[in-house]
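Look at the structure first, then read on.

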Amino acid sequence: MTCFEYDLQIDEYVEGTLPATRVAALEAHLATCSRCRAAAADFRTLRSAASTLERRNPPPEVWTRVVASIHESSEQTGWFSWMLPGLTWRSAVAAAVIVIMLTVGTWFSWHEAATAGRVVSTAGLDTASAESRGVEQAMRTQISDMEKTVRTASAVLPSETQAAYQQAGAVIDDALSRRASEPHSEVTQQSLLELLQSKLRLLQEMIALINEMRKGNQEEAARIVSGIEQ
Amino acid sequence: MRTLFRTCAVGGLVLLASPATPQQAGAAAPPAMRLAQGDGTAGRPAPVPPRPPGRGGRASGDWVDEPFQRSVRLGSRGSVELTALFGAITFTGTDGNVVRINAVKRVQEANRDFARSVLQNVQIRVTERGGGIEVLTEQPTVRTPIAVDYTIEVPMATSVSIRSFGGPINVGGVKGELRIEAFGGGDMTLSSVGRVRTAKSAGGNVTITGAEGDEVNAETFLGQLVVRDVKARSVELRSIRGPITIVDTLCDRCTANSTNGSIEFSGPLKPEGRYTLNSNEGDIRFIPAPGVGFDLEAMTSGTFNNDFPLRTGRKTAPAPGSQGRIFRGVFMDGSAILSLRSFTGNLSLIRKTDPR
């Protein structure tokens, strides 16, 4: 066997999933090949790093800054003031979107790191699965709230624009329904989360556009939306 | 970017009530009459008289139009920002340093007196500021179909920003930075352009041909997205329902994401290039031109068809709880990085025969 062929087994070897019949041959090769030993060491490092990754919530000061920013801009320009009756609630909605997006982003990053490192352990999957379901629930709640807002305010948009956004949303909803009817699996869950992320993005865009149309200061709206996206 | 809300605040009810689609507007019958030419410097709009009874807020009669012309000198690297409502928009890059704005304001209305008063209140405001020109469309709040078609010539290196609610958008020969957003229907066609920061259409098709610049970012919710003969460091494409087609595009990094549209890439690969094609539900076809090797990772729960003699070619066992299958392999020197993923669609890696 060549280094290349051994190289392909190293990830499974590090994970402990390489069949025992191949382990001995690989270990014999590792004993004589510094390149493959280095590759195995890299895999161990990556695996170790990936398994210690935790879901990170944004630091409290981020939340404070965002809320303060929204308060400030609201007082200055009235942005968002049409949408929701109470300052606390609208701040919370905007901040919740940020938290959701950060959480989802972190989850995807974690998941990609885990996949890249081929971390396959039942306990790890259980944890990931529980976390992803938590993220899913949070996203669904957020989407529901944003949909209510859009339903009550979208009349300000031209009918063609409304139709385009609604059709796009329906396409995502249909795909979500199909995922929900499939047996639960890691792949199904990842697909579902990506669809929810798309739906959130669509609703965010629609709300930003509604804001501009209603009375908003577009520069200010763009600045705040840009801040949320970052 | 800052003027859309102002326009729409003036014209919101028109937009809501207007039964005319941009396509209908663009295909309007010859004008029944031509009114006085505007100069773009009109002051406050005159009040619109009450609509004659018996119309019921629906479109009726022929289209009545009024031309508008304005030329403004602009620096070689200035910017033009157009905020439009409904109507066809054409931007053309030219030699020289003058922006020529030709517009036709149109209203569909049988009562000519009413049409005339509406047209007088459709305002095109041209403002020069800070090395740039801002063109703003304002229209009155009436339940009458209104469209403004723009044909604008700009110096070739001008940066162009367009925001529109409907109607076709064509941009050709403009090498400055482009930011184009269409919030309704209408197809968008960009040809021989430079950097495309944003080309986004909610309901229409987006076609980009012959772009050469740092980046090309394009998106459509419902239409098709076609990118052809593009050279850019980064190409990023996104759709929700429509298919994405990438042809003969050279880039360091190419990313295409679709919710349930198909994605097809065909053409040469760049050594060290990174190609990431993801569709949640659509099929993915990858047809690289001969000459450059690639390192593949593909994931699908559907079928995976492969014409290439990949080294390894092995199918990785699915992770516990996973339905998807991951395929990895290397072709030739593996210099390009290729990632294909569709959760429920099929993947095809198709080998194009070398004409030599």
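Helix 7 of chain A has these buried residues: Glu160(A), Thr161(A), Gln162(A), Ala164(A), Tyr165(A), Ala168(A), Gly169(A), Val171(A), Ile172(A), Ala175(A), Leu176(A) and Arg179(A). Buried means that 20 or more other C-beta atoms lie within 10 Å of the residue's own; 12 or fewer means exposed, anything in between partly exposed, and C-beta atoms are placed from the backbone. Helix 8 of chain A is included in what covers the buried residues of helix 7.

This is a predicted model, where local features need pLDDT of at least 70, side-chain atom pairs count only at pLDDT 80 or more, and totals for chains, interfaces and linings use all residues. Residues are numbered from 1 along each chain as its sequence is written, and chains are lettered from A and ligands numbered from 1 in the order in which they are written.

Helices (H or I, at least four residues) and strands (E, at least two) are DSSP runs numbered from the N terminus. The expected span of a helix is 1.5 Å times one less than its number of residues. The two helices are listed here.

| Helix of chain A | Residues | Length | End-to-end C-alpha span | Expected span |
|---|---|---|---|---|
| Helix 8 | 186-214 | 29 residues | 42 Å | 42 Å |

Helix 8 of chain A is mostly covered, with 24 of its 29 residues buried.

The crossing is left-handed: the near helix is turned anticlockwise from the far one by less than a right angle.

Which residues meet? From helix 7 of chain A they include Tyr165(A), Ala168(A) and Ile172(A); from helix 8 of chain A they include Leu192(A), Leu195(A) and Met206(A). Contact means C-beta atoms, placed from the backbone, within 7 Å. The residues of this contact divide into nine nonpolar, four polar and two charged. Ala, Val, Leu, Ile, Met, Phe, Trp, Tyr, Cys and Pro count as nonpolar, Asp, Glu, Lys and Arg as charged, and the others, Gly among them, as polar.

Chain A comes to nine helices and zero strands. Of its 230 residues, 32% count as buried.

Definitions and conventions
Two residues are in contact if their C-beta atoms, placed from the backbone, lie within 7 Å.
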